[in-house]
Amino acid sequence: MQEITLIKPDDWHLHFRDGDMLNETVPATARCFQRAIVMPNLVPPVTNAVTLETYRTRILAARPAGSDFEPLMTIFLTDKTTAEDIHAAKAAGAVAAKLYPAGATTNSDAAVSSLKSLYPIFETMSDQGMLLLIHGEVTESHVDIFDREKLFIEQHLQAIYDHFPKLRIVFEHITTKDAADFVLTADERIAATITPQHLLLNRNDLLVGGIRPHNFCLPVLKRNVHQQALQAAVASGSKKFFLGTDSAPHEKAKKESACGCAGCYSAWSAIELYAEVFETLDALDKFEAFASTNGPDFYGLPRNTNTITLVKQNWEIPTEIILPSGEPIVPFYAGQTVSWKLKG
Ligand code: NCD
Ligand code: ZN
C-alpha cells in the first residue's frame, strides 16, 4: 500500500505542558490530530473549572493560524476534590478527570493518597457522565516497578470497576498483558489507550547496550511478552483500544541526567509510527478504527468528518527540536527513519 487515507485522528492522551512550551507542543499535535485529551499535570495541577478555562485559553492561543484543533480538557483529582469541583468542571467543558496515585509519575505529588476516600467523587462523576482516566500503577516503594500496573488492577481497578456500574473508565497507556486482558474481559465501560512506544519497544530498548533515557516513560516499558500482547490487542480490532500518544516532552538536559525525567516526546512522529506498527502487524485495516473512531465512540463524542493521508515515504525524525526558550528537546525515535509520512 502506498497511501492511507483515514478519518482525521484524535490523540486521547497527551501532555502539552504550559508557557513557552505550548508554542512547540500544540502545533506539533495540531498537524495531524483534530482533538486531544489534555493531561492536567501542570505545576500546580489543573484541578478546577477556573484553572481549566485559563489553561484552555492558553492552548487555543498557541494554535497555528487557521487551525481548528480542539483541546479536550480534563481535571486532576486530588484528596481535596469536591463534588462541586466536578459539577463546575463539567459545566466548563471538562470531559474527564484524571486519577494519578500520588507520586506515580511526573508532577503527581499533589495527587490522590487514598483511592477509597475518592469513591464519593467517582459517584458524582458517574452521575454526571464524566469519564475517569486512570494512571494505573501502585506506588508503594517495596513494589517492583515492573509489577506496579498488574498490582493496581488487582488492588484497585477491579474494585472501582465493580463498585461503579455506570462509570466509564479509560485505563491509560497500558503496558502489560494483564492490563490488555483486564480490558478485554471487562464490559463496554472500560477502554484503554496504547502509546507508540509500548507497541514498538520493550524493556531491552531501555537497558540493553546502555541506558536509553529517551525511551524512559511511565509506566515503564515491560518484557517483550507484554509488548506482544499489546500488539495483539490493537491487531484484534477490538473497539476497546484507541490511540493515546502520551507525548510528554522534557528538555534534553532533564532526560539526559543522573535522575532523568519520564516521558517520550512523540507528537512529531506518532501517527506515522502507529501506521508502521499496524503495517508490521499486517493489520492496516484496523488502523483507522484505532486512530479515529474507537476513541470518540467511547467518549460519546462525534467522529471527525475530515481526513488525513499518509504516504509511503522514508523520512528521518530530527535529532533535536529547539524550544522557543532555546532549550533542545530530543524527540522520540530521534534520528531514526520512519516509512510513512503525513501528506500536505
Ligand atoms: C508523563 C509526564 O511527563 O507528564 N510522563 C510519562 O512518562 N508518561 C506523565 C504520565 O503520563 O505518566
Ligand atoms: Zn501521560
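Me: How many aromatic pairs does the count come to?
Reply: This is a predicted model. Rings of Phe, Tyr and Trp pair if their centres lie within 6.5 Å. By this rule the count comes to 15.

Me: Is the pair of Tyr-119 and Phe-164 stacked or edge-to-face?
Reply: The ring centres of Tyr-119 and Phe-164 are 5.0 Å apart, with 70° between the planes. Planes over 60 degrees apart count as edge-to-face. The pair is therefore edge-to-face.

Me: How many residues apart in sequence are the parts that Tyr-119 and Phe-164 tie together?
Reply: Tyr-119 lies in helix H4 (residues 119-128). Phe-164 lies in the loop between helix H5 (148-163) and strand E7 (169-171). So the pair ties together parts that are apart in sequence by 45 residues.

Me: Is Phe-164 buried or exposed?
Reply: Its relative accessible area is 1%. Buried means under 20%. Phe-164 is therefore buried.

Me: What is the angle between the planes of Phe-242 and Tyr-299?
Reply: The ring centres of Phe-242 and Tyr-299 are 6.3 Å apart. The pair is edge-to-face, because planes over 60 degrees apart count as such. The angle is 65°.

Me: Which helix holds Tyr-299?
Reply: Phe-242, the partner of Tyr-299, lies in strand E9 (residues 241-243). The pair ties together parts that are 57 residues apart in sequence, as Tyr-299 lies in helix H12.

Me: Which residue lies over the face of Phe-298?
Reply: Phe-298 forms one aromatic cluster with Trp-12, Phe-242 and Tyr-299. At 4.3 Å from the ring centre of Phe-298 lies Arg-168.

Terms used:
Residues numbered from 1 in each chain as written. Chains lettered and ligands numbered in written order. Predicted model: local features only at pLDDT ≥ 70, side-chain atom pairs only at ≥ 80, totals over all residues. Heavy atoms only, no water. Phe/Tyr/Trp six-rings, centres within 6.5 Å; stacked < 30°, edge-to-face > 60°. Helix = DSSP H or I, 4+ residues; strand = E, 2+ residues; numbered from the N terminus. Buried < 20%, exposed > 50% of the residue type's maximum accessible area, 1.4 Å probe, protein only. Lys NZ or Arg CZ within 6 Å of the ring centre and 35° of its normal.
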